[in-house]
Amino acid sequence: MSRYRFRTFAAALFLALGASQAGAAASSASSSAGQAQPDLTVGVRYVPPPFVGGSKVRTPESIETLLVAEVAGKLQRKARFVELDAGAASVPAGAMDFAVASLPKAQPRGDGAVAIATGQVTRPMAIMRTDTDIKSWRQLQGRTVCLAEDGRYVGRIAELYGAIEQVYRAPADALLALRTGECDAAVHDDTMLKALLRFPEWKKFSASLPPGEAETQYFLVPAGNDKMVALLKEMVASWKSRSHFKKLIADMTQDIAFEVYLDQTVPDCH
């Protein structure tokens, strides 16, 4: 079913990666003393925690982990995530193969790192019940706002507008809290929320605030890694040519909406 395409796609990527690694390891064992390929180390703003058996499967807010999985699969290497401050002045060479960061704009980098725009541009967007009295971002002062801990806006809404942030594990949890009246607004990437509001069951929560400052997603490659730069440019061109991001975001949003639907065990707040 279409609701499961995003999750199925992610699972297939990781299973394919595991199969590729197994094949690569077997081949290496017969030809070069069984030495496995090193991990592909990638810097990200939020490192996904390991899945705990028995917990609910949750779709992340960003597609960056799926993009990294595709790169790792292409290289037949296992992806390993490390935390990186997106606003850091440098991407440490030797510490990671590349980083994924969303930045307000491309900035000259003194470290010589190459910035490759993936083509993804996102903005913070707020949605609320249609009968809300909140008409501007400034009116979030003193109001409760639900966010996902893996999103980009934790801390920012409180700092800029004086809102009371309530942080949840994933977008589905934050959006469920909005539907059940635990918060006055929910803030997430505009690409996801605009897709969400196309579903009829979200009509009652279609009040919104205009998207904020745009951020562009980049691959940041440490200086001197020309092969990685070439590979990422090639993959980005392929993704753009087949509208890959649009499909990933649509499938991701459908999964998030379905997770909210499954978990909503109390009536909507009226």
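The legends below describe close-up views of one predicted model.

Local features are given only at pLDDT of at least 70 and side-chain atom pairs only at pLDDT 80 or more, while totals for chains, interfaces and linings use all residues. Residues are numbered from 1 along each chain as its sequence is written, and side-chain values use heavy atoms, with hydrogens and water left out.

**View 1. The protein chain as a whole.**
The secondary structure comes to seven helices and ten strands; helices (H or I, at least four residues) and strands (E, at least two) are DSSP runs, numbered from the N terminus. Of the 270 residues in the protein chain, 46% are buried. Buried means under 20% relative accessible area, exposed over 50%, and partly exposed in between (1.4 Å probe, protein chains only). Among the contacts in the protein chain with a separation of 6 or more, 76% are between residues 24 or more positions apart; a contact means heavy atoms within 4.5 Å.

**View 2. The sheet β2-β1-β3-β10-β4.**
Five strands in this order form an open sheet with mixed pairing. The edges are taken by β2 (79–83) and β4, each with a single partner strand, so one side of each is left without a neighbour in the sheet. Neighbouring strands are turned by 25° against each other on average, direction ignored. Two strands count as paired if DSSP finds at least two bridges between them. β1 and β3 pair in the parallel sense over two bridges, and Gly43 stands opposite Ala99 in β3. The pairing of β3 with β10 is antiparallel, over five bridges; here Val100 has Phe219 as its bridge partner in β10, and Ala101 stands opposite Tyr218 in β10.

**View 3. Strand β3 and its two faces.**
Six of the six residues of β3 are buried, so the strand is largely enclosed by the rest of the structure. Phe98, Val100 and Ser102 point one way from β3, and Ala99, Ala101 and Leu103 point the other way. In a regular strand the side chains alternate between the two faces of the sheet.

At 1.5 Å a residue, the 16 residues of α6 (residues 226–241) should span 22 Å, and the end C-alpha atoms are 23 Å apart, which agrees. The expected span is 1.5 Å times one less than the number of residues in the helix. The buried residues of α6 are Met228, Val229, Leu231, Leu232, Met235, Val236 and Trp239. These cover an arc of only 165° around the axis, which puts them on the same side of α6; the arc is that of the directions from the helix axis to the C-beta atoms. They pack against β1 (40–44), α2 (64–75), β3 (98–103), β4 (114–122), β10 (215–221) and α7 (244–263). The face turned away from the buried side of α6 carries the exposed residues Asp226, Lys227 and Ser241. Ser243, which follows α6, has a positive phi, near 50°.

**View 4. Gln120 in strand β4.**
Gln120 has its place in strand β4 and is buried, with a relative accessible area of 12%. Leaving aside its neighbours within four places in sequence, Gln120 is in contact with Ile63, Glu215, Thr216, Gln217, Phe245 and Ile249.

β6 (residues 144–148) pairs with β7 in the parallel sense over five bridges, with Leu147 opposite Val167 in β7.

**View 5. The nonpolar cores.**
A nonpolar core is a set of buried Ala, Val, Leu, Ile, Met, Phe, Trp, Tyr and Cys residues joined through side-chain atoms within 4.5 Å. The largest has 46 residues, and those with the most contacts inside it are Phe98, Ile127, Leu175, Trp202 and Phe219. Apart from it lies another core, of 15 residues, among them Ala126, Trp137, Leu147 and Ile157. Beyond its neighbours within four places in sequence, Leu175 is in contact with residues including Ile127, Met192, Leu196, Trp202 and Val260.

Note on methods: Axes fitted to C-alpha atoms, helices over the stretch in contact; angles between N-to-C directions.
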